[in-house]
Amino acid sequence: MVLDRPVGRPAFRKPERRTLAPPRGTGPPPPPPIPPTPGVYLRGPPPLPPPGAILPRPIVVCLDLARMKQMDSSRSSSLMKFLEDTGVSPSEEETRRRERIILELHKIVMDWAKMVAFNQGGKPWITSGTVLTFGSYDLGAYGPESDIDAVCVGPCIASLQHHFFVVLRQMLEARPEVSDLHSIESARVPLMRFKFNGVSVDFPYAQLPVINAAEAIHANDPRLLEKVDAASWRCLSGVRVNRQIMQLVPNMKKFQLLLRCLKLWARKRGIHCHLVGFFAGIHLAVLGAYVCRRHPNATANTLLCRFFEIFSHWPWPLPVSLHDQTPLWSPDGCSLMPIVMPCYPPEFCASNVTKSTFNKIKEELWRGLSLTKDTSSVDVDWNWIFAPFPYAAKYKHFLRIVLSAPTTEELRDWVGWVKSRFRSLILKLESLNIGCDPNPLEQVDHSIGEPNAVFLWGLIMYSNTQICTTSLKKDFMRSVTNNIYGKEKCAHSDIELSVVGMPQVPKSMSDQSAYLQKLPNLPPRMLGYPPMRQGCNAVG
């Protein structure tokens with residue numbers, strides 16, 4: 001008798017017990033066993049059995065796709081319910097209010113452009129200006145507390161220093177709807193910042209080499225942008241980036257939902273302020289668009305999970321780009337975490353990331369991954385992922401920065417100017433082998449008579465270095481007063497630096513440590529609290 005040869009792939013069929021060898025003289029010996037197909041076993045194929053042995057029972061990996069689909073759907077629904085309860089989406093009234101603000105700003109800029117032309121003996125009837133929005137407002141991912149990013153586009157006869165920062169500022173100050181107005185003239189992107197009917201507005205200026213600026217900018221002529229100055233080019237970059245993102249993203253509604261999640265996550269975890277080395281809105285928009293392009297049919301839960309999965313494993317400093325092209329050079333601050341704006345020619349997003357802030361961003365990405373990849377339960381408690389960062393539980397000592405000025409108006413200008421110089425202070429701390437977590441939130445010390453703003457930065461000492469706040473302030477003031485504008489502001493305002501412990505930390509920061517009690521049992525690295533290196537302490 002001759003045994004039948006096994007047909008097909010034996011790793012996927014249950015072997016039958018049969019005689020190891022036929023009786024002598026009844027036929028040829030059985031064929032040797034067929035080795036299992038590579039990739040069937042979790043740890044690779046086992047060693048081949050000896051000739052004549054019974055084939056091993058196959059190991060079959062079965063995924064419960066129905067359960068995975070149910071879990072994804074349930075988590076997506078609970079995520080959208082969480083966002084709704086959190087109030088990150090604006091109401092219809094909020095949307096209409098912002099639309100009215102943009103219309104009013106457009107009228108003000110148009111009147112301003114014509115007035116400049118009239119005062120210079122020009123032709124007001126053909127002179128125009130306009131307002132272009134960008135950022136999260138233009139992308140449709142803004143919240144009730146989000147500001148409006150809007151570019152004032154003016155004609156060639158309206159200068160930045162006089163007509164924008166003097167004439168237009170006076171027109172805005174005369175409006176009853178405008179409050180808290182201050183100018184940031186020496187920033188990389190000079191702008192005015194104010195509130196219009198209670199909504200914060202960032203208002204940079206782009207000067208076009210034409211008289212009819214409104215008509216020219218809406219014509220989308222690429223040759224026009226080649227003739228603008230560097231400051232105007234940077235101001236218009238946000239507008240160009242938004243247009244590219246809206247063209248590249250396959251589903252705008254899913255992108256808007258993901259971007260709202262990312263903005264809430266970054267704000268809660270203390271990594272949302274560009275001036276202190278964390279994310280700006282443009283960074284999160286590009287990263288979110290990258291995930292949406294790679295997973296066009298994914299649900300809300302899957303998109304957020306993929307965001308943490310992709311960028312926690314990203315091989316930095318490889319640039320993140322929505323196009324195949326990347327810039328040939330990287331400006332200071334972009335070398336650690338380069339993100340490319342999706343415009344032509346390709347440019348890096350401006351960044352103030354340092355070693356300290358880069359490490360915190362990476363830890364927060366790993367924390368988000370660990371909390372979203374758990375499949376032990378169908379649903380997930382989103383309060384874990386969006387919990388406020390527990391500064392009081394993480395750090396024992398803080399660098400306390402107090403900015404004060406004689407009046408509230410002067411304080412706004414002073415705070416805006418000093419914050420634009422914060423990166424130099426972080427780099428100075430790092431040069432002293434001191435880790436720094438710059439909390440972006442502003443506090444107020446009511447025991448100080450003058451108007452003030454207080455910042456508290458977590459400190460990690462990687463050696464026995466002691467901080468001399470007198471020397472630290474002296475070095476920082478060189479950066480603050482490195483031009484005429486800074487020297488003028490410093491003449492009437494002040495900075496105080498000191499190292500404080502937990503008793504001096506506001507109760508609002510101490511209460512955030514309660515969120516640690518709600519976190520699951522995960523390794524410290526996954527929670528975003530890395531164990532200190534040998535010899536590290538947090539003593540100032």
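How do the axes of α9 and α10 cross, and within what distance do they come? Here are some notes on this predicted model, starting with that pair of helices.

1. **The α9 and α10 crossing.** The two axes come within 10 Å and cross at roughly 110 degrees. Angles of 65 to 115 degrees count as roughly perpendicular, so α9 and α10 are roughly perpendicular to each other. On the α9 side, the residues in contact are Leu287, Tyr290, Val291, Cys292 and Arg294, and they meet Leu303, Arg306, Phe307, Ile310 and Phe311 of α10. Sorted by class, this contact has eight nonpolar residues, two charged ones and no polar ones.

2. The model has 22 aromatic pairs. One of them joins Tyr290 and Phe311, with 5.8 Å from centre to centre and 55 degrees between the planes, which makes the pair tilted. Tyr290 belongs to α9 (residues 281-294) and Phe311 to α10 (residues 300-312), so this pair ties together parts that are 21 residues apart in sequence. Are these two residues buried or exposed? Tyr290 has 15% relative accessibility and counts as buried; Phe311, at 2%, counts as buried as well.

3. **From Phe311 on to Trp316.** Phe311 also pairs with Trp316, and here the rings are stacked, with 6.4 Å between centres and 25 degrees between planes. Trp316 is buried, as is Phe311.

4. **A cis peptide bond.** The peptide bond from Trp316 to Pro317 is cis, and its omega is near 10 degrees. Pro317 sits in the loop between α10 and β6 (340-341).

5. **The other partner of α10.** Helix α1 (residues 65-86) packs on α10 at an angle of about 90 degrees, and their axes are 7 Å apart. These two helices are therefore roughly perpendicular to each other. Asp72, Arg75, Ser76 and Leu79 of α1 meet Ala300, Asn301, Thr302 and Leu304 of α10. This contact divides into three nonpolar, three polar and two charged residues.

6. **Helices α2 and α4.** Elsewhere in the chain, the axes of α2 (residues 92-119) and α4 (residues 160-173) come within 11 Å, crossing at roughly 125 degrees. That angle makes α2 oblique to α4. The crossing is right-handed. From α2, the contact takes in Leu105, Ile108, Asp111, Trp112, Met115 and Val116; from α4, the residues they meet are His163, Phe164, Val167, Leu168, Met171 and Leu172. By class, ten of the residues in this contact are nonpolar, one is polar and one is charged.

7. **Two asparagines with positive phi.** Which backbone angle stands at a positive value in Asn197, a residue other than glycine? The angle is phi, near 55 degrees. Asn197 is placed in the loop between β4 (191-196) and β5 (199-207), and with 39% relative accessibility Asn197 counts as partly exposed. Asn433 is not a glycine either, and has a positive phi of about 65 degrees. Its loop runs between α15 (422-431) and β9 (434-438). At 33% relative accessibility, Asn433 counts as partly exposed.

8. **Asn251 and Cys292.** Another asparagine, Asn251, is found in the loop between α7 (230-248) and α8 (252-268). With 28% relative accessibility, Asn251 counts as partly exposed. How many residues lie between Asn251 and Cys292 in sequence terms, and what is their C-alpha to C-alpha distance? They are 41 residues apart in sequence and 7.7 Å apart in space. Cys292 is also one of the α9 residues that meet α10, which brings these notes back to the helix pair in point 1.

9. **The chain as a whole.** The secondary structure comes to 19 helices and eleven strands. Of the 540 residues in the protein chain, 48% are buried. Among contacts between residues at least 6 apart in sequence, 70% join residues at least 24 apart.

Notes:
Residues numbered from 1 in each chain as written. Predicted model: local features only at pLDDT ≥ 70, side-chain atom pairs only at ≥ 80, totals over all residues. Heavy atoms only, no water. Axes fitted to C-alpha atoms, helices over the stretch in contact; angles between N-to-C directions. Helix = DSSP H or I, 4+ residues; strand = E, 2+ residues; numbered from the N terminus. Parallel < 35°, antiparallel > 145°, perpendicular 65-115°, else oblique. Left-handed = near helix turned anticlockwise from the far one by under 90°. Contact = heavy atoms within 4.5 Å. Nonpolar A, V, L, I, M, F, W, Y, C, P; charged D, E, K, R; others polar. Phe/Tyr/Trp six-rings, centres within 6.5 Å; stacked < 30°, edge-to-face > 60°. Buried < 20%, exposed > 50% of the residue type's maximum accessible area, 1.4 Å probe, protein only.
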